[in-house]
Amino acid sequence: MCVLVFITFGSIFYILYKICNNKVIALVALVASVYYPVIFMIKQMGHGYYLQYVPHRMIFPCVISAAVVSFAGSSIEKKKFIYMLIQLLNMFSILWNIETGLICTVGTTAFFVVYYWLHKQSGYCFVSMGMVFVDLFGSWVITNLFTLTRAHKLTSINAMFFGQKQFAGGFLSMERPFSKVQISCWFILILFVEVTLARAVYQIYCNRGKGNVLADKYVVQVYVAFLIFGLQTYALFKNSHPYNVTPVIYWLVIIMVLWVQNADDAIKKNAGKLRNLFYVKKWLVVAVISIISGTCVANIFLCKETCYKNVDGYLPETLGFIESHMRESDIELLMINSTYMYCLMGQSTAGRCESCVDWFEGEQIQKVLERLDRAEKDFVIDSYAYSLITTYDNGQYKEVFENMTQRKFEPPIVSDNGNLRLYSLRRYY
Amino acid sequence: MHKKIEVNLQTVSLFAICVSIVPIACIRYVFWEYVTAVVLFLIIMLVMLWGGEKTGIVKIKDTGFLSEAVYIIVIIAGFVSFYYTDVYDGTGIVRGSYFISDIANRKSIIWALAFCIMACIVSKFHIKIINLAVVFCGLGFIMYVASIFYTENIAAYDLHYDAYFYPVCRMMDGENSYIDFHNIYGGMVFFWHHFYMAVVKILFETFRE
């Protein structure tokens, strides 16, 4: 996990270092870009990690973006190699995580199309468009190579998009009342994207066909704006927090650095009052970045400590309860951290019930209940999973759960803190 | 012959922003309002740029004293909006701000000032050793950030650890993602489980401690 995080932020640092003339601003921006995905998110998660975002869904957008920035500033010979590398990365990004992979693939394709159109190489535009299908097919082939080797079966597209279908449940039709419209970071994010696009589209328009470096810079900006747009759109899958911009807000730091560079270019071109205004703009942006990075440095050293919060008391208590009451080594755990508990108990095997954090639909709860009913083994359920089962959809599974436990299991043994319930099969008595 | 109307780029973008934000107030479907806003904005910009030139009616220019106002407004609004980022929990109730509480201490302000002054001073010089020092400091900082994600720390009581490692453990158990069980986080498990198989003993020992 450390290595993935290192690669992720290393890529962000590379992007910032490449685009900044003033390297200290690159360093300050790096610190600022760490604030949101690390400190802010750990606090937002109640002193925990959101591994599905950091580094899981951050790594490929960051690495591919670093490759794109490198492509824009490299020689023609190197460009071919980086182009192929980006396509390979796209393939693996789709394999790694479908949503972010698709966004990266479409984003890089848009980048290459605009780039080659700008350089009047329309042939490459079509090749780049075709590469989307090559990337998709490539990742599908790699996935099937894995499953064929291991299980001698091909995967269905349906199975691959299972997660996306789940997240998308009600996603497109999610309505919210007008009273909840407020000036939030959500709208500001749109403004950032739009203002960046405005400048970039204008500069690309003015510099089309000239094949200069300035225009290339703005193509990168279009790409970054697209990436924010795409990643935020996918973040909407998390429909419980439709206005949560935490997954993409670190990109705003990169956008702000791009603005600093735009201002720098304008300072060189203009004179008088206008030049002063660009100075104001530049240092205003630098001040904002500095404030975020200052906040980051002042708080980052507390991060590790806060993440250990309550572990000393929680772990021995939980593990002690499970181990002292379990009658066989094979026990089903329905807990928010059951995989970790299996590890602590020295078992590499996970439970057969899907992790309860991922119970988004009634169908999944239904499957868990069926599983418990079929499996002839004891189970431990924590208050989180218990609450989900008994309250989901106005308690429609509560009765099923209670009937099943009364029929097959002894009355539960409840832990001292009330967090855990252990249900033993009746045959033991 | 009609006279060309010269329009400032920022005026155009401000107009496009205002028009594109209308869907946010009107559509009320979270996904569509966002997508419509950005797509509408792009269409307006492109129509103004290309259409203006083709018809010869509008000419868009980039510079102007007020032109940067839009950028400055967005920067300030963006900065102020951080106040809202962590307070919106889906119910619309303002509960507090981590950012404001983080920034409201002397250390944060001192660091911010130090960074700003450092950036200002260094902008006057172009010395290679500064670039080298920046790379060194940057990599050191990233290493520290990475160390926060050391597996032992993550494995603490954590809501999302389980979801993330659940498919990995199923794969380690000999089952197959997309075949035997549903996996919503993608094919990363095809790589991950090999790695975990290799280090699993070390991990168990670490956890046990």
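Student: In what order do the 4 strands of the open sheet come?
Tutor: In this predicted model, the order in chain A is β1-β2-β4-β3, with mixed pairing. Strands here are DSSP runs of E of at least two residues, helices are runs of H or I of at least four, and both are numbered from the N terminus. Two strands pair if DSSP finds at least two bridges between them.

Student: Which are the edge strands?
Tutor: They are β1 (332-334) and β3 (413-414) of chain A, each of which pairs on one side only.

Student: In which sense do β1(A) and β2(A) pair?
Tutor: They pair in the parallel sense, over 3 bridges. In one of these, A:Glu332 has A:Phe379 in β2(A) as its bridge partner.

Student: And how does β2 of chain A run relative to β4 of chain A?
Tutor: Strand β2 (residues 379-382) and strand β4 (residues 420-423) of chain A run antiparallel and are joined by 4 bridges.

Student: Which way do the residues of β2(A) point?
Tutor: A:Phe379 and A:Ile381 point one way, A:Val380 and A:Asp382 point the other way, and all are buried. Buried means under 20% relative accessible area, exposed means over 50%, and partly exposed lies in between, using a 1.4 Å probe and protein chains only.

Student: Which strands does helix α17 of chain A lie across?
Tutor: Helix α17 (residues 383-395) lies across β1, β2 and β4 of chain A, running at about 85° to β2(A).

Student: Is A:Gln87 buried or exposed?
Tutor: A:Gln87, which is found in helix α4 of chain A, is buried, with a relative accessible area of 5%. Leaving aside residues up to four places away in sequence, A:Gln87 touches A:Phe112, A:Met131 and A:Asp135. Contact means heavy atoms within 4.5 Å.

Student: What about α1 and α11 of chain A: at what angle do their axes cross?
Tutor: The axes of helix α1 (residues 2-19) and helix α11 (residues 250-269) of chain A cross at roughly 10° and come within 10 Å. That makes α1(A) roughly parallel to α11(A).

Student: Which residues of α1(A) meet α11(A)?
Tutor: A:Ile12, A:Ile15, A:Leu16 and A:Ile19 do, and their partners in α11(A) include A:Tyr250 and A:Gln261.

Student: Finally, where is A:Leu302?
Tutor: A:Leu302 is in the loop between α12 (272-300) and α13 (303-307) of chain A. A:Leu302 is partly exposed, with a relative accessible area of 44%.

Student: How are the values and numbering set up?
Tutor: Residues are numbered from 1 along each chain as its sequence is written, and chains are lettered from A and ligands numbered from 1 in the order in which they are written. Local features need pLDDT of at least 70, side-chain atom pairs count only at pLDDT 80 or more, totals for chains, interfaces and linings use all residues, and side-chain values use heavy atoms, with hydrogens and water left out.

Key
Axes fitted to C-alpha atoms, helices over the stretch in contact; angles between N-to-C directions. Parallel < 35°, antiparallel > 145°, perpendicular 65-115°, else oblique.
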